[in-house]
Amino acid sequence: MTWFARLLPQPLVSVVILGVWLVLAPAISLGHFLLAAILAVAIPILTSNLWFDRPRLVRPWVAVLLFARVMGDIVVANWQVARLVLGPLDRLRPAFIEIPLDVADPFVATLLGSIISLTPGTVSVEIDRPRSVLLVHALDVDDRDAMIATIKNRYEAPLKEIFRC
C-alpha cells in the first residue's frame, strides 16, 4: 500500500468531508480549513476497518459536478422545507417511496442513500438489496413517479457514471 493510500484510504470521502465542513462552517478561515482537513484525513483512517470494498472512481470530474449539484439541491431544499413547515401543515403530503435501484454495488447504493438523506425533506430509510429497492421518506410528494425519475436522473445516473457500475 502506498503512503497516499494509507493517508487517504477513502479519497472521495475525504473530499466530501472537507467540502461539507467548509460549506457548513459559518465562515471560511484557515482554522476551519485546517480542522476540516484533519477530519477529512482522520475519519477515513479511523473507520477504514468498517469499509467494504469500494468501486474504483472512474470519472472524478463527474463527482465534482455531482458534489456541486448536491450542495445546490441542499440549499434549495432547505428553503422549500422551511416554507412547508412554516406554512399550513395540511399542505404537507408525506409519503414513503420505493426507488428501484439500477446500481448493484452496496457502496454506491449507500452513497445514493446518503445523498438523499443529506437533502432536507427526504431521508433514506432502508436499502433492500435482495429487491434492489431504496425506501425513502419524503416530506412532500406531489408525484411519486416524477420524484423517482428526479432521484434517478440527478443522483443515481451520475453515481453510475462516476463508478462505472
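Reply: Strands (E, at least two residues) and helices (H or I, at least four) are DSSP runs numbered from the N terminus, and two strands pair if DSSP finds at least two bridges between them. The model is predicted, so local features need pLDDT of at least 70 and side-chain atom pairs pLDDT 80 or more, while totals for chains, interfaces and linings use all residues. Residues are numbered from 1 along each chain as its sequence is written, and side-chain values use heavy atoms, without hydrogens or water.

The part in view is an open sheet of 3 strands in the order 1-3-2, paired antiparallel. Strand 1 (95–100) and strand 2 (122–128) are its edges, each pairing on one side only. On average, neighbouring strands are turned by 25° against each other, direction ignored; axes are lines fitted to C-alpha atoms (for helices, over the stretch in contact), and angles run from 0 to 180 degrees between N-to-C directions.

Strand 2 and strand 3 (residues 133–138) are antiparallel and joined by 6 bridges. Glu126 has Leu135 of strand 3 as its bridge partner.

Helix 5 (residues 106–118) packs on the sheet and touches strand 1, strand 2 and strand 3, its direction making about 160° with that of strand 2. Contact means heavy atoms within 4.5 Å. Helix 6 (residues 144–163) lies across strand 1, strand 2 and strand 3, at about 50° to strand 1.

Leu159 touches residues including Leu66, Val108 and Leu112, with residues up to four places away in sequence not counted.
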